[in-house]
Amino acid sequence: MNFRRNLLLASLAAAALCTTGAQAQDSNVLRVGTDATFPPMEFVDNGKRTGFDIELVEAIAKTLGKQVEWVDIDFKGLIPGLISKRFDMAVSAIYITDERKKVVDFTDSYYAGGLVVMVKADNKTINKLVDLDGKKVSVQVGTKSVSYLTEKFPKVQRVEVEKNQEMFNLVDIGRADAAVTGKPAAFQYVRTRPGLRVLDEQLTTEEYGMALRKDTPELTKAVNGAIAKLKADGTYAAIVKKWFSNSAAK
């Protein structure tokens, strides 16, 4: 009996050590959720995640002495996944909104963007924002584009899709008259795909933020500190220059 008891105690002690070790290891890991389908912010190139957000997060983690563990998830699942503790932070060109701030915290804004309209270059029917009324406009589920058009342009026929690429493809093949999306992604797509243009008039001006849970204020503070440090030492400016060297994308 004593042998079995000692064996059980030894097993429990070993398990406790493993748990402690795992927790110590986890403290050096920053788990970040993203939807890597939104170039130039985050996307996959040759099987590897890359983009402005990706490089900035990696630089932040390095400053904090942590390793990044990426968690791929559809954009609409980012906030729910963060709240349910699937990851520590969500970074995927997320606009800071009052609605989102009710359930998560945000870092200080790290880049300014906004919603724009992309159409085919030869489209003569959409030249200004009011021309969207009655048109088929593709938008990505879970983004501000959906709620914005619902509220401001109720006459628009929204075509809602899961992925950013699908949204652009619908304009390419003529199944949508326009797409409404973030400015960086729209200009990136237009640069790489001839025959498309972005309207001069912008729908909104928005600020991007990194989302964190409300129960991790120290992590939010640490990430803000890392961003400030990267701006001070020139790292942030170098990343911006790499991904947004064309001033039209800003």
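Colleague: Which five strands form the open sheet, and in what order?

Modeller: The order is β11-β10-β12-β9-β13, with mixed pairing. Strands here are DSSP runs of E with at least two residues, helices are runs of H or I with at least four, and both are numbered from the N terminus. This is a predicted model, in which local features need pLDDT of at least 70 and side-chain atom pairs count only at pLDDT 80 or more, while totals for chains, interfaces and linings use all residues. Residues are numbered from 1 along each chain as its sequence is written, and side-chain values use heavy atoms, with hydrogens and water left out.

Colleague: What makes β11 and β13 stand at the edges?

Modeller: β11 (157-161) and β13 (196-198) each have a single partner strand, so one side of each lacks a neighbour in the sheet. Two strands pair if DSSP finds at least two bridges between them.

Colleague: How do you know that β9 and β12 are joined?

Modeller: Four bridges join β9 (residues 115-120) to β12 (residues 178-182), and the two run antiparallel.

Colleague: Why is Val57 called buried?

Modeller: Buried means under 20% relative accessible area, exposed over 50%, and partly exposed in between, with a 1.4 Å probe and protein chains only. Val57 has 0% relative accessibility, so Val57 counts as buried. Val57 lies in helix α2, and its contacts beyond four places in sequence include Met89, Val91 and Met210.

Colleague: Why does Arg213 count as buried?

Modeller: Arg213 has 11% relative accessibility, so it is buried by that cut-off. Arg213 is found in the loop between β15 (211-212) and α8 (217-232). Its side chain reaches the backbone oxygen of Leu82 at 3.4 Å.

Colleague: Which residues touch the most other members of the largest nonpolar core?

Modeller: Phe52, Leu56, Met89, Tyr110, Val117, Met118 and Met210 do, in a core of 65 residues. Helix α2 (residues 52-64) gives the most to this core, with seven residues. A nonpolar core is a set of buried Ala, Val, Leu, Ile, Met, Phe, Trp, Tyr and Cys residues joined through side-chain atoms within 4.5 Å.

Colleague: Why is the pair of Phe43 and Trp243 called edge-to-face?

Modeller: Rings of Phe, Tyr and Trp (its six-membered ring) pair if their centres lie within 6.5 Å; planes under 30 degrees apart count as stacked, over 60 as edge-to-face and the rest as tilted. The centres of Phe43 and Trp243 are 5.9 Å apart and the planes stand at 85°, so the pair is edge-to-face. Phe43 lies in strand β3 (residues 42-45) and Trp243 in helix α9 (residues 235-243), so the pair ties together parts 200 residues apart in sequence.

Colleague: What makes the pair of Phe52 and Tyr111 tilted?

Modeller: Their ring centres are 5.4 Å apart and their planes lie at 55°, so the pair is tilted. Phe52 is buried at 0%, and Tyr111 is buried at 9%.

Terms used:
Contact means heavy atoms within 4.5 Å. A polar contact is a pair of N or O atoms within 3.5 Å; within protein, one must be able to donate a hydrogen and the other to accept it, and residues adjacent in sequence count only if both atoms are side-chain atoms.
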